[in-house]
Amino acid sequence: MDLTWIHPIWAVGLPVALAIPLGLWMTRVLDPPPEREGRGLDALATLVTRAIGRGHPTPMTWLEYGRAMLAFNLALFVITFAILWAQPRLPLNPDQKGSLAGLGYKDPAGVQHDGADTAVIFNTVCSFVTNTNLQHYSGEQHLSYFSQLGAVMWLQFVTPACGLAVMLAVIRGLRGQRDVGDFWRDMVRSVLFVMLPLALVTAFSLAATSVPMTFAGSAPATTLEGGSQAIARGPVAAFVAIKQLGTNGGGFFGPNSAHPFENPTPWSNLIEVVALTLVPMASVLMFGRMLRERRHARVLFGVMLTMLLIGAGIVIAAELRPNGAMIRPEIASGPNMEGKEVRFGPVATATWSAATSATSNGSVNGMLDSLNPMGGLVPMALMMINVDFSGVGSGFLNMLMFVIAAVFIAGLMVGRTPEYLGRKIEAKEVKLAMVAILIHPLVITCGTALFAATTWGSSTTANPGAHGFSEILYEFTSSAANNGSGFEGLSDNNPAWNIATGVVLLLGRFPSLLLPLAIAGSLAVKKPTPPSLGTLPTDNFTFGMTLMGVVLLVGALSFMPAVVMGPVADALGKGASPAAASAQPRVSQPLVQVLKDAH
Amino acid sequence: MTRDFKTALALCLATFLITAVAYPAVVWGGAQLLFPWRARGSLIERSDRTVVGSRLVAQSFKSPRYFHPRPSAVDYKADGAGGSNLASTNPQLAEMAAAQAAGEGGSADRPLPVDLASRSGSGLDPDLSVESALFQVDRVAAARGVRPEAIREAVMRRVDHSGWILGAPPRVNVLELNWSLDDHGIVRD
């Protein structure tokens, strides 16, 4: 019996079901009432906060909270930079990996520069500190086990915890607390009580499905035909677990979860795809519980889930169709298998591709660059809207900005002062929210325009025409959305790409943590107004539709031209379908030509 | 501000010890204890303990005596994995597909199954679809001078249905199939 259609039901249904108890658990351990602080399990957190010299909780204003968060991130940046810089002199390096900067790069003229590009370290550190995990290197080729665990995996634990901490602070502000909490305590609780236990369970489950966990170097093999093969392995199970759970996405191996050691069976694939959306989903439910606005949270959850399902549906439909290049008499007609693994098949790979770009995870179990054009459009679009569950903590804050915009627009339409959760939304909050919303399209479109117009971008694409433009657009979108997936054909390891995306990564992360914090701080000091007949309810279907409308409208207005020049032109071009391939002249010819001329 | 930085460094140290030292140590210890063979990479060994390969990682097979795995964009380099990253609209991909079909003997009468025509995402896909394995039965049988039915049976015995309840396609592990054709057992602990 053909059951391939069943995978999306598992992949979406299971995390939704598990998010309900996890949301309750997160509320209990991350926001205990004052009388339970430091007691029971929370005594563990007190033990650690005492060890770091903050035994007594210090209530912080939003500004102090933001400052502590930035100080911590600066420390992360410096330490991981030092670890990656010193890689050849550090232990746990059985395969004798050299310096990460030793990779070198080819310049636009095609000249190889060996060991000249230290910008790759800058890019890698920006990428992991911002919870993005964009990788311009390849894990099994360029990182020692010490760097994998001590630099990369450590950040994969603490950066989602940092997002979660800021989310907690924002919720407390919305609750009317001027003191939004203690950043250090929130960090410790997030790591100890959420990330660590989930990672342990996931890592052992993955090890059971054959994901390796060893500190031995690569295994030399003599193949059946007598050839030799060096089989890279490592402490993969521990790494992949937190990679999936913390919306990180940076693979131990170059091809990420398409690699059979990261994802060896359909069961490991299910565990990983569940881990991918679980914490972002549970965070939304935690928000509802902490504010005692569970209906409102369910509306937000419903909006996100609807967009995810639509996205997944489109990719699945696109990938079940043949790859344009495979349409020829000597090849049997079938789904697009280029860049996909047989053990997952097209449906599971398509489902994952939507889930990984909705949440800002960015891990892949098949190559996105080789998706059919309409399939490749969806991950890009989900990252452009960047509110569909999205990153742990940070994703919810992105959605909150759109909620404020939606409340404001709805308020204008009916002529009332907009209110959110009993507090007036005024010019200041709307301005801050709009800045947070607009930074995203601004850095993406400006960056793409600059790189598409110069050899920085045009000389690095792997595919011709509109798809090459898509590769550039995807790279900037992924960086700004702190996602980290890529159309990996792009030769992105050179100084121009490393520096440009490094800066975009930082711009995609810190404003979208600090601006919501400022809004929460400003709302916290306002006098609550009890709901009246004139209050617009935010916990019903109408509000859900309004919110989705605002999200899609802002996304469409910001990105439509770029999307038309990339994936849409690609889909209309040669090879996408037999009809389009034989049609002469091709509809998209002028657009493709424009792009070629621009290059 | 100075106090913030001091705490930040202390928290870095604490979280480093918990998440980058203790956590991987626990997972490593547990995995080595519970799943020692899998934890080391599911390696298949000859009786003299030399490694043939990993059952999870494809290796190159060129001889007509063996089943061929899916084509690899990285020539089965297991310490530098990767896909082709070619777009469906790239003429290069169409050329590669045509060459692969010709190499494996695909024709309009007997078209090559699509997974055997396309490169996998990792370049190390250890599996073939059942159709792709059956496609190669006649060639392998002729090269080995045995009846095609015998080879066909060997393939069907090795079809892996695990994960069907999750919607996973049935598949055949190429290395294990070839290893069994050479009449070896599979060494595991």
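We'll start with one chain, move to where it meets its partner, and end on two single residues.

First, some housekeeping: this is a predicted model, where local features need pLDDT of at least 70, side-chain atom pairs count only at pLDDT 80 or more, and totals for chains, interfaces and linings use all residues. Residues are numbered from 1 along each chain as its sequence is written, while chains are lettered from A and ligands numbered from 1 in the order in which they are written.

Select chain B and colour 2-34 as domain 1 and 43-181 as domain 2; these bounds come from an automatic or database domain assignment. Their centres, taken over C-alpha atoms, are 42 Å apart.

Now bring up chain A too. Here 91 residues of chain B are in contact with 110 residues of chain A (contact: C-beta atoms, placed from the backbone, within 7 Å). On the chain B side, α1(B) gives the largest share, 20 residues. Helices here are DSSP runs of H or I with at least four residues, strands are E runs of at least two, and both are numbered from the N terminus.

Next, zoom to A:Phe389, in the loop between α12 (373-385) and α13 (394-414) of chain A. Is this residue buried or exposed? It counts as buried, because 32 C-beta neighbours lie inside 10 Å (buried takes 20 or more other C-beta atoms within 10 Å, with C-beta atoms placed from the backbone). A:Phe389 has a positive phi of about 70 degrees, though it isn't a glycine. Most residues other than glycine have a negative phi.

Last stop: B:Asn85, in the loop between β2 and α3 of chain B. B:Asn85 also isn't a glycine, and its phi is positive, about 55 degrees.

How values were computed: Two residues are in contact if their C-beta atoms, placed from the backbone, lie within 7 Å. A residue is buried if 20 or more other C-beta atoms lie within 10 Å of its own, exposed if 12 or fewer, and partly exposed in between; C-beta atoms are placed from the backbone.
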